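Please read it alongside the sequence and the structure.

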Amino acid sequence: MSDPIADAHIGWAPAIRQRRKATMQRLVTGGATALVFSPILGLAPAMGWLAIYVLIQGVEAWLAEPVLQGRQETPKGWRGPAMDAVLALNAGWLGFLSAPLWLIGGPMGGFAASILLSAGAINSVIMSAGNMRVFSFTVLPQLVFMALTPMFMALWGAERSLIIAVAIGVFCYALFCFNTRARLRNAMLAERHALAEAERERRQVETAMTERSAFMTAVGHDLRTPISAILTGADYLRAAAPSSAARQHIALIEDAGLMMKALLDDLLDHARLNAGRMHVESNEFDLRLMLAQTARLWQGQARAWVCGCGWKARARRPAGCAATSCACVRC
């Protein structure tokens, strides 16, 4: 279950950051709007409207500084209500332009006002990032001015059926804006949950890798001690070996100890590979020596497994066995 108090501020800081990034876009759009509508409104009123609009953008950018610097993720202190007021003023000042367009420009000016309001509302919906607070103060003022469209149409003598159709259209457009905001909010929640899940899995992997590295280190430390003892003992026995046969057995012990040491090194290399600290090295080796060591290591098991007659070596020899050097039974 989600926390309704936490959900109330989901996307507030991202929405403010997104609006801050779009400041230049709003300035350019405001300048173009003032120039386009200056023939209807007059150059001086249009430039006056643009000057106030630019001032509002500057105040909003100043209030958004704590959010941009990462000091605020939810509305805090006096800046929260101040930001709400500036957001409402920003949207309301753009929507206010529709009134003189209707009153001065007539039905054609009203048509331009409808396009202006619909474009401004859908842009504000997108910039709200699904946050209800930002949505309320940026979209609702423009929807209010859009709701005045049937009244202006009646003022200019439009037919009743056309006024009703436009009113229904405005209502449907408002529902579309609310539905889009809900979808953006759900997308924001899904993204937050996905990021939290990814972070949790990342921490689990890091913990597992840390534990694995600790285990590898412990294994390496614990195994090197007995391997070193085996190699040291084999070296001591070889020096005191009474016969060549004894020296061969001692060499077998030494080869097994060296093989265990190589396997331990490979295990530790695998740990280094996972940690990204593995370096490939090219080393020469004696193939003949390696084959001799392998044969010497496994010759005992090979001789004990199969006799010359194809019988399996065991503790006794049956009557049918033709071998003379081993005790064996049929496999």
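H7 and H11 cross in a right-handed sense, a crossing being right-handed if the near helix is turned clockwise from the far one by less than a right angle, and left-handed if anticlockwise. This is a predicted model, in which local features need pLDDT of at least 70 and side-chain atom pairs count only at pLDDT 80 or more, while totals for chains, interfaces and linings use all residues. Residues are numbered from 1 along each chain as its sequence is written, and side-chain values use heavy atoms, with hydrogens and water left out.

**H7 with H11**

- H7 packs with helix H11 (residues 160-239) at an angle of about 20°, their axes being 9 Å apart; axes are lines fitted to C-alpha atoms, for helices over the stretch in contact, and angles run from 0 to 180 degrees between N-to-C directions.
- H7 is therefore roughly parallel to H11, a term for angles under 35 degrees, whereas those over 145 count as roughly antiparallel.
- On the H7 side, Ser 118, Ala 121, Ile 122, Val 125 and Ile 126 meet Tyr 173, Phe 176, Cys 177, Thr 180, Arg 181 and Leu 184 of H11, where contact means heavy atoms within 4.5 Å.
- By class, the contact of H7 with H11 comprises 8 nonpolar, 2 polar and 1 charged residues.

**H3 with H7**

- Helix H3 (residues 23-41) and helix H7 (residues 98-127) pack at about 165°, with 11 Å between their axes, and H3 is therefore roughly antiparallel to H7.
- H3 contributes Gln 25, Thr 33, Phe 37, Ile 40 and Leu 41 to this contact, and H7 contributes residues including Pro 100, Leu 101, Ile 104 and Asn 123.
- The contact of H3 with H7 has 8 nonpolar and 4 polar residues, and no charged ones.

**Ser 128**

- Ser 128 lies in the loop that runs between H7 and helix H8 (132-138), and its relative accessibility is 0%, so Ser 128 counts as buried (under 20% relative accessible area, with a 1.4 Å probe and protein chains only).
- The Ser 128 side chain reaches the backbone oxygen of Val 125 at 2.6 Å.
- Beyond its neighbours within four places in sequence, Ser 128 is in contact with Gly 11, Ala 15, Val 134, Phe 135 and Arg 181.

**Ala 88**

- Ala 88 is placed in helix H6 (residues 79-96), and at 24% relative accessibility Ala 88 counts as partly exposed, the class between the 20% and 50% limits.
- Leaving aside neighbours within four places in sequence, Ala 88 is in contact with Phe 137 and Pro 141.

Methods. Helices (H or I, at least four residues) and strands (E, at least two) are DSSP runs, numbered from the N terminus. Angles under 35 degrees count as roughly parallel, over 145 as roughly antiparallel, 65 to 115 as roughly perpendicular and the rest as oblique. Ala, Val, Leu, Ile, Met, Phe, Trp, Tyr, Cys and Pro count as nonpolar, Asp, Glu, Lys and Arg as charged, and the others, Gly among them, as polar. A polar contact is a pair of N or O atoms within 3.5 Å; within protein, one must be able to donate a hydrogen and the other to accept it, and residues adjacent in sequence count only if both atoms are side-chain atoms.
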